[in-house]
Amino acid sequence: MRAVVFHSPGLENLRLEDLPRPQPGPGEVLIRVRYVGVNPIDHAVVSGSYKVSPMPHIPGCEFAGVVEEVGPGVSGPAPGTPVTVYNRLFCGACRQCLTGWTQLCEAGGIIGVATQGGMAEYAVVPARNAEPVRADLRDAATLPIGALTAYNMALRASIAPGERVAVVGATGNVGTYAVQFARIFGGEVYAVTRRKDAAAPALRQLGAEVVTPDEARGLAPFDVVLDPTGAANWGLSLSLLGRGGRYVTAGALTGAEVSLDLRRLYGQQISVMGSTGGRRADFRTVVKLLEAGRIRAVIHAVYPLADAAKALAGLSSPERVGKILLEA
């Protein structure tokens with residue numbers, strides 16, 4: 001099979017190689033990969049910011065395809081089933097798993113980090129991670145990271161109908177889905193972007209009012225701020241919150257260290273919350289929402305596997321709105 005591989009960290013070290021097709025073991029399925037989502041975590045994997053296993057390594061934490069073969073003891077999904085892959089490994093037996101928080105599994109990991117990933121023609125995953133899907137696989141490949149992360153952020157924020165929600169960094173894959181979930185939960189949604197002119201048409205179609213950071217400050221206070229971008233927008237995001245406001249973050253793309261005035265935090269009862277991935281059960285809900293047409297993928301570009309390095313570099317393009325995919 002063809003696979004994107006690196007033997008040592010560095011975007012310049014990515015190669016398209018011919019490798020033996022993997023075989024599913026007990027409890028596993030072999031997936032013929034169709035589309036792979038390209039994410040900042042993949043960039044971190046390739047650059048060496050994340051410790052990965054095994055090496056040489058195939059990146060790719062988000063993908064969808066068709067079940068090709070099942071391993072011993074697997075009753076489903078059956079060969080021929082289109083699936084998208086929940087990308088968190090979980091034991092099902094620890095305290096976190098037993099209470100449903102599978103992304104916090106004490107023995108867990110991320111497919112594509114702790115295992116070989118999906119930037120290949122074939123990938124092996126645990127059968128319980130493969131979720132059948134009746135939707136375009138191109139769209140389904142945007143769900144495991146982008147959509148599920150945004151869904152968990154909205155859940156953590158406890159968005160109530162009528163609340164004013166600012167989505168900072170709304171042009172990314174998480175951001176475009178955060179706009180949609182905030183709307184589904186009943187929020188009055190404002191997409192905050194420095195690229196208002198270029199991004200407004202797509203974001204308005206998702207149901208958001210599109211504003212610049214300065215315009216957002218003029219519209220403050222907001223009840224909720226969803227911000228997956230990190231330190232660069234921390235000051236902006238906190239400035240938008242009113243009394244009793246909730247800030248939820250799911251990333252540190254622009255830096256991880258911030259400062260916080262505790263007097264405002266307690267004086268105005270502001271909540272600052274972290275969010276990572278999402279629960280296995282919620283992933284099924286996200287898939288159903290896509291199938292029902294309640295959410296939709298915003299796709300910026302699709303590259304062949306051979307252009308994986310170009311696709312990863314494209315994450316920082318100022319023109320990007322939505323998802324970059326690889327087609328396997």
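Ala, Val, Leu, Ile, Met, Phe, Trp, Tyr, Cys and Pro are counted here as nonpolar, Asp, Glu, Lys and Arg as charged, and the others, Gly among them, as polar. By this division, the lining of the largest pocket holds 22 nonpolar, 19 polar and five charged residues. The model is predicted: local features need pLDDT of at least 70 and side-chain atom pairs count only at pLDDT 80 or more, while totals for chains, interfaces and linings use all residues. Residues are numbered from 1 along each chain as its sequence is written, and side-chain values use heavy atoms, with hydrogens and water left out.

A pocket is an open set of points on a 1 Å grid over the protein atoms alone, where a 1.4 Å probe fits, with protein on both sides within 12 Å along at least five of seven lines; its lining residues have an atom within 4 Å of a point. The largest pocket contains about 1,300 Å³ of space, a volume being the space filled by probe spheres set on the points, which are joined across faces, edges and corners. Its lining comprises 46 residues, and Pro40, Pro228, Thr229, Leu253 and Arg320 lie nearest the centre. Two or more lining residues come from each of helix 1 (40-47), helix 4 (143-157), helix 5 (173-184) and helix 11 (308-313). Helix 1 gives the most, with four residues. Helices (H or I, at least four residues) and strands (E, at least two) are DSSP runs numbered from the N terminus.

Two cis peptide bonds may be noted in loops. One joins Ser53 and Pro54, with omega about -5 degrees; Pro54 belongs to the loop between helix 1 and strand 4 (62-70). Another joins Gly76 and Pro77, with omega about 0 degrees, and Pro77 is placed in the loop between strand 4 and strand 5 (82-85).

A salt bridge is a side-chain nitrogen of Lys or Arg within 4 Å of a carboxyl oxygen of Asp or Glu, and the structure holds 14 of them. In one, the side chains of Glu69 and Arg21 meet at 3.4 Å, N to O. Because Glu69 lies in strand 4 and Arg21 in the loop between strand 2 (15-18) and strand 3 (28-38), this pair ties together parts that are 48 residues apart in sequence.

Helix 10 (residues 280-291) contains Leu290. At 8% relative accessibility, Leu290 counts as buried, a term for values under 20% relative accessible area, with exposed meaning over 50% and partly exposed in between (1.4 Å probe, protein chains only). The C-alpha atoms of Leu290 and Asp136 are 9.4 Å apart, although 154 residues separate the two in sequence. Lys288 and Glu291 form a salt bridge of 3.6 Å, N to O; being three residues apart in helix 10, they are separated by about one helical turn. Lys288 is partly exposed at 39%, as is Glu291 at 21%. Arg279 pairs with Asp282 in a further salt bridge, with the closest N and O atoms 2.7 Å apart. Here Arg279 is partly exposed at 23%, whereas Asp282 is buried at 9%.

Gln269 lies in the loop between helix 9 and strand 15 (271-274). Gln269 has a positive phi of about 50 degrees although it is not a glycine, and at 63% relative accessibility it counts as exposed.
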